[in-house]
Structure formats: structure tokens, C-alpha cells
Amino acid sequence: MEDYLIGIGKRLKEIRKSDKKTINEIATKAGVSNGLISRIENGRTIPSLPVLLNIINALDIEIPAFFNGMPSQTNFTFLVTRASEYSVIEKEDDAIGFSYKYIFGKQLSSIGFEAVFLEIQPGSKRNKVETDAYEFKYILTGECHYIIGDEEVLLKEGDSIFFDGRIPHVPVNRGKTPSKMIVLYFFLDKEN
């Protein structure tokens with residue numbers, strides 16, 4: 001079951017979009033907030049079992065059908081993902097100038113791992129967000145101001161930062177060129 005955790009959001013979004021349902025429709029029917037559905041779809045949180053079952057019910061799909069096609073553990077020595085296979089992740093509707101590409105995700109024992117390529121355009125705008133993960137960012141090109149809680153730090157090419165994503169945070173590109181970075185999310189077991 002651990003292999004399924006990291007793919008729940010992706011599967012939720014896939015089914016919702018294929019049925020042409022809005023986040024609001026699913027949230028209302030499941031009795032949760034729009035923000036929670038968005039955070040689940042975007043890998044920022046993993047729902048509790050009762051909430052997940054309500055969401056699956058709101059999708060008008062049987063539980064086995066929801067999990068059908070999700071990744072399961074393999075005995076391969078390595079996994080290769082081609083650049084053409086990266087999928088674009090939709091984030092908040094009010095986020096301007098942010099482009100996320102999903103690179104890789106895996107649930108291992110008590111930790112879930114997800115890697116994303118993030119590009120932030122100059123003049124980007126977004127409110128602070130929170131994730132249920134520890135986050136590591138490595139700046140590939142450009143520079144970016146990271147606001148975490150009440151603190152701000154300037155990150156330049158080659159710099160990295162690691163922080164608790166439960167603290168409200170937002171990257172801001174005040175430069176003239178795009179800022180590109182690799183983002184690693186580490187989702188810990190809620191009991192840890």
C-alpha cells in the first residue's frame with residue numbers, strides 16, 4: 001500500500017479531469033475544502049483514509065477502480081523517466097509565473113519522496129503555501145528570494161535550502177531572468 005501513497009493526488013486529478021469535474025464539485029460532494037483537494041492533487045498532503053474514501057465516492061468511482069493503474073512495487077534495478085514523460089503539475093489558480101514539472105515520486109517505508117522541476121518567472125506572484133513535507137530546493141539558474149515564515153533569504157545559482165514545508169513559504173523572483181530549481185519533497189509518516 002505504501003507505493004500508492006505518493007500517486008494518490010496524481011490519480012485523483014487524472015480521474016477528475018477525465019470526467020470534466022471541477023475541484024469545487026469534488027470538494028463539495030466529499031465534504032472537504034477546495035484547498036484540501038488542491039493540496040492532495042499537487043502532492044502537498046496525503047489524505048486520511050476516511051477523507052480519501054469520501055473523495056473516491058465523490059468521484060463516482062469504485063475503490064478498486066481508483067487504485068487500478070497506480071504504480072506498484074517492482075523488482076527493477078533502476079527506473080528511467082524520459083524528459084518527454086514529465087507531467088506538468090497545476091498549482092494554485094492565483095499563482096502567476098510558476099511552472100512545475102513532476103519528475104519522480106516514490107513511497108519508501110516511512111518516507112514519501114517526490115522530485116519536481118520548478119521554473120519561476122520574473123514578477124511571479126503567489127500567496128504563501130504550506131506542505132506536509134520537508135523541502136529541499138537547489139537553484140539551477142537565476143536567483144530567487146525565499147520567504148519562510150517571517151524570514152527571507154536570497155538564493156543564487158548553486159545555492160540550496162532545506163526547510164519544514166509546514167511553515168508558510170513562497171519563492172519570489174525579483175530578477176530579470178527565470179529562476180529554475182530542483183525541488184525535493186520528503187513526506188514523513190504522520191507518526192514520526
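**View 1. Helix 2 and its buried face.** In helix 2 (residues 8-18), the buried residues are Ile8, Gly9, Arg11, Leu12, Lys13, Ile15 and Arg16. Buried means under 20% relative accessible area, exposed over 50%, and partly exposed in between, with a 1.4 Å probe and protein chains only. Helices (H or I, at least four residues) and strands (E, at least two) are DSSP runs, numbered from the N terminus. Lys20 follows helix 2 and has a positive phi, near 55°. This is a predicted model: local features need pLDDT of at least 70, side-chain atom pairs count only at pLDDT 80 or more, and totals for chains, interfaces and linings use all residues. Residues are numbered from 1 along each chain as its sequence is written, and side-chain values use heavy atoms, with hydrogens and water left out.

**View 2. The protein chain as a whole.** The secondary structure comes to 6 helices and 9 strands. Of the 192 residues in the protein chain, 41% are buried. Among contacts with a separation of 6 or more, 68% join residues 24 or more positions apart. Contact means heavy atoms within 4.5 Å.

**View 3. The largest nonpolar core.** This core has 17 residues. Those with the most contacts inside it are Tyr100, Leu118, Ile120, Tyr146, Met181, Val183 and Tyr185. A nonpolar core is a set of buried Ala, Val, Leu, Ile, Met, Phe, Trp, Tyr and Cys residues joined through side-chain atoms within 4.5 Å. Two or more residues each come from strand 2 (96-108), strand 3 (111-125), strand 5, strand 7 and strand 9 (179-188). Strand 9 gives the largest share, 4 residues. Beyond its neighbours within four places in sequence, Ile120 is in contact with Gly97, Phe98, Cys144, Pro171, Asn173, Pro178, Ser179 and Met181. Another core lies apart from this one; it has 16 residues, among them Ile8, Ile40, Ile56 and Leu59.

**View 4. Ser179 in strand 9.** Ser179 belongs to strand 9. Its relative accessibility is 0%, so Ser179 counts as buried. Not counting residues up to four places away in sequence, Ser179 touches Leu118, Glu119, Ile120, Ile139, Thr141, Gly142, Glu143, Cys144 and Asn173. Lys156 is 23 residues from Ser179 in sequence and 8.9 Å away in space, C-alpha to C-alpha.

**View 5. Two aromatic pairs.** The structure holds 2 aromatic pairs. Rings of Phe, Tyr and Trp (its six-membered ring) pair if their centres lie within 6.5 Å; planes under 30 degrees apart count as stacked, over 60 as edge-to-face and the rest as tilted. Tyr134 and Phe162 are stacked because their ring centres lie 5.8 Å apart and their planes meet at 10°. Tyr134 is in strand 4 (residues 134-141) and Phe162 in strand 7 (residues 160-164), so the pair ties together parts 28 residues apart in sequence. Tyr134 counts as partly exposed, at 27% relative accessibility. Tyr146 and Phe163 form a tilted pair, 5.8 Å centre to centre with 50° between the planes. Tyr146 in strand 5 (residues 143-148) and Phe163 in strand 7 are 17 residues apart, and their pair links distant parts of the chain. Both Tyr146 and Phe163 are buried.

**View 6. The second largest cavity.** About 40 Å³ of space lies here. Its lining residues are Arg44, Tyr100, Leu118, Arg126, Thr131, Glu135, Lys137, Tyr146, His169 and Tyr185. On a 1 Å grid over the protein atoms alone, a cavity is a set of points where a 1.4 Å probe fits but cannot get out; lining residues have an atom within 4 Å of a point. Grid points are joined across faces, edges and corners, and a volume is the space filled by probe spheres set on the points. By class, the lining has 4 nonpolar, 2 polar and 4 charged residues. Ala, Val, Leu, Ile, Met, Phe, Trp, Tyr, Cys and Pro count as nonpolar, Asp, Glu, Lys and Arg as charged, and the others, Gly among them, as polar.

Note on methods. On a 1 Å grid over the protein atoms alone, a cavity is a set of points where a 1.4 Å probe fits but cannot get out, and a pocket is an open set with protein on both sides within 12 Å along at least five of seven lines; lining residues have an atom within 4 Å of a point.
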